[in-house]
Amino acid sequence: MQQHLRRVDQTLSNDFVPQNFLQSTQFAEFVPQNFVASAQSGLSNQADGSTHLDSYPDPFLTNLDGTSGSITNPYAEHQPASNGQAYFQEATTFRHPLNYHLYAALGPHREQLAPYQRQNTDFFIPDDLREDLQRKAEATLQTFQSSTVLQNIDNHFHSLVMLDSVAQRTATTFGYPSWIYKATSSTDGNTYALRRIEGFRLTNEQAIGLKLQWKKVTCSSAVRVHDAFTTQAFGDRSLIIVMDYFPLSQTLADRHFPRNAGGGRAIQFVPEHELWSYLVQLGNALRAIHQNDLAARSVVPSKVLLTSKNRLRLSGCCVLDILHYEQYRPVNELQQADLQDLGRLVLDIAARNPTAHSNQIKALDQISRNYTDRFRACLAWLLAPPNGGNGHASGDSSPDGRQHNVNMFLSNISDHVMNVFDSTLSRDDELTSALTKETENGRLVRLLAKLNAVLERPETNNVASQSPNQPSSAWSETGDRYYLTLFRDYVFHQVDQDGRPVLNLGHIVTCLNKLDAGIDEKMQLVSRNEQSVFIVSYKELKRGFEAAWGELSRGSHGGRR
C-alpha cells in the first residue's frame, strides 16, 4: 500500500514540474518558438516506427521559399538561456511591425452596398451619435453669466446652472424645498450635479457621515454619490449632495407625465418590452444598494433619470438617510418599501396615469387589456406586502418576507434580464465599430499635421544649413519637399475640365492612406504652371516626407510628437 502511494505521489509530483513534463516523448507540447516540421515528423516516426510522408504540407510550417524549417513567432515571448524569466521581449525577435495604415472595420457590418450607395458618413461615426455627443458637450460647458443664481459655493464649486425644468419651490419627495444645479469643481475641474435641500439644519454630525457608505455603491443604473456637506452660501442653511452629472437627462416624470399633457392631449403608450427594461435596470440599481445594507427611498418618477435611449439611472439617493437620520426605521422595512415603490412607478407608467397606484386593483385590471398576464403578475408581486400571499411573478406563493427581495425578483424575470443584457452587448458592438472609424481618422490627422508642418515652412536657418539671404520658402520648395507641395495640389486642389473645384472625400482619404502605407503605385504630379511633370511613387514620396520630418525633429527643441 505504501509503495502504491509512493508511486502515485511520484506521478503527481512529475505532473507539476515543467521540466519533466516537457521531456516526455509521448506528448508533443505546442511551443511556438521551436515548433518545426522535423520535430513533428520525428514524433510520428517514434510512434509507429515508419516514415510519414505528407503530400499536403502545412503552410504554417513552410517558409516563403518552399522549404521547411524553424518558424519564428515574432509575438512570442523570448525564452531566456538561463533559468530566469525575461521581463521584456528581445528586439531581435520582432520581425514584422503592425501595419497601422491598414483599416480593418469591426462588426457589426452593414449589408452589401454598391459604390454609388455609399456615403461620406461611412468613414465616420453615425451622424445621430455625433450630434448627441456634441449636444451633451455643449450642455456640459453651458454657463449663464447674467444669471441670478449663486456662482460660487465656498470656493469648492463655481459656474452654477439651475437644471430644474420648473423654477418653483417643491417639497414633494424630501419634505424640504429641493433644487438641482450643474457646477464645476474647483478641485478637479469636472462637472457635477448638486442636489440642494433648502432650509435644512443639521443636528447630528453622524448623519453627514452616511455619505461614506453611499460612496461605496457603484452601479451603472444608479447615480453615484461623491460628497455631502452643509453650506450657508445661499443665504440659509442648505444641504448639498454632490453626484455625477449626466447632460441632457430627462426624468421619467417629464418623459411620461408631461405638465402640458392636459387639454385633450393623451399620454403616449409605452411598449411592454420597454417597461421590462425599466424593471431590469431599476432592479439592478436596487440590488447594488441593498447589498450594501442601504435603501434607495427615492424610486419615484421625478428621481429616475433617462440619460439616453431607454437608459435609466436612479438618482436622489442618500438624501432621506441624512434628513431622517434620527427617525430610525429597520433597513428591511425600507428595502421592502423600495420594491413597492418600483411597482407603483411602473404601474403608473403602464396605466398612463401618475395617480394610478392609489387604486391598485383597478389599475392592474386596466393594464391587463394591453399587457401580458405575466407582466401584471410581476407588478402584483412587487405591490404586495411581504406576507400578503400574492406570490412571485412566476406564480409561486411567498410564505414569508424573506423571499420578497430584489434578488428573488430578478431571478423571476431572468429571461428579460438576458434580453436587456443582449441588447446592451449589441449596443456595445455598435459603439466599438464606430470607435474604430475614429481611430483611423486620428491617424490621418497626425499625418496631415506633419505634412502641413513641412509645407511652405518659413524657417530655414535652423532647419537646414542654408544662407540667411535665401528666400523663406527655399527649404520646403527644393529637393523631395517639392514633391510634397505638388502632392498637396494633387490631393486637395484638383479641378475638372471646366476649372471647377473637385471635392471628393474618397479621393482624399485614399491618397492619404496610400502615402501612409508607402505603396509602389505611381502617380503623375504636375506643377501649377504646367511646365513640369513628375512620375513619383507613393513609396518615394513617403521616403522624402520622413526625411523632411526627421530634419524638423532634429532641429526642434523637443515637445510632443
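Biologist: Is Cys378 buried or exposed?

Modeller: This is a predicted model, in which local features need pLDDT of at least 70 and side-chain atom pairs count only at pLDDT 80 or more, whereas totals for chains, interfaces and linings use all residues. Residues are numbered from 1 along each chain as its sequence is written, and side-chain values use heavy atoms, with hydrogens and water left out. Buried means under 20% relative accessible area, exposed over 50% and partly exposed in between, with a 1.4 Å probe and protein chains only. The relative accessibility of Cys378 is 0%, so this residue counts as buried.

Biologist: How many disulfides does a search of the whole structure find, and which residue holds the cysteine sulfur closest to that of Cys219?

Modeller: A disulfide is a pair of cysteine sulfur atoms within 2.5 Å, and the search of the whole structure returns 0 of them. Cys219 is itself buried, its relative accessible area being 16%. Its sulfur is 9.9 Å from the closest cysteine sulfur, which is too far for a bond, and that sulfur belongs to Cys317.

Biologist: How many aromatic pairs does the search find, and are the rings of Phe157 and Tyr192 stacked or edge-to-face?

Modeller: Rings of Phe, Tyr and Trp (its six-membered ring) pair if their centres lie within 6.5 Å, and planes under 30 degrees apart count as stacked, over 60 as edge-to-face and the rest as tilted. On that basis the whole structure has 11 aromatic pairs. For Phe157 and Tyr192 the centres are 6.4 Å apart and the planes stand at 85°, so this pair is edge-to-face.

Biologist: How many residues apart in sequence are the parts that this pair ties together?

Modeller: Helices (H or I, at least four residues) and strands (E, at least two) are DSSP runs, numbered from the N terminus. Phe157 belongs to strand β2 (residues 157-162) and Tyr192 to strand β4 (residues 191-198), so the pair ties together parts whose separation in sequence is 35 residues.

Biologist: Are Phe157 and Tyr192 buried or exposed?

Modeller: Phe157 has a relative accessibility of 8%, and so counts as buried. Tyr192, at 12% relative accessibility, likewise counts as buried.

Biologist: Which salt bridge partner does Arg488 have?

Modeller: A salt bridge is a side-chain nitrogen of Lys or Arg within 4 Å of a carboxyl oxygen of Asp or Glu, and a search of the whole structure finds 19 salt bridges. For Arg488 the closest N and O atoms are 3.0 Å apart, and the partner is Glu456.

Biologist: How many residues apart are Arg488 and Glu456?

Modeller: The pair links distant parts of the chain, with Arg488 in helix α15 (residues 480-492) and Glu456 in the loop between α14 (414-454) and α15. Arg488 counts as buried, at 13% relative accessibility, whereas Glu456 is partly exposed, with a relative accessible area of 47%.

Biologist: Which residues are linked with Arg528 in a network of salt bridges?

Modeller: Arg528 forms a salt bridge with Asp489, in which the closest N and O atoms are 3.0 Å apart. That pair also links distant parts of the chain, since Arg528 lies in the loop between β10 (522-526) and β11 (533-537) and Asp489 in helix α15, 39 residues apart. Arg528 is exposed, with a relative accessible area of 61%, while Asp489 is buried, at 11%. The network of salt bridges links Arg528 with Glu456, Arg488 and Asp489.
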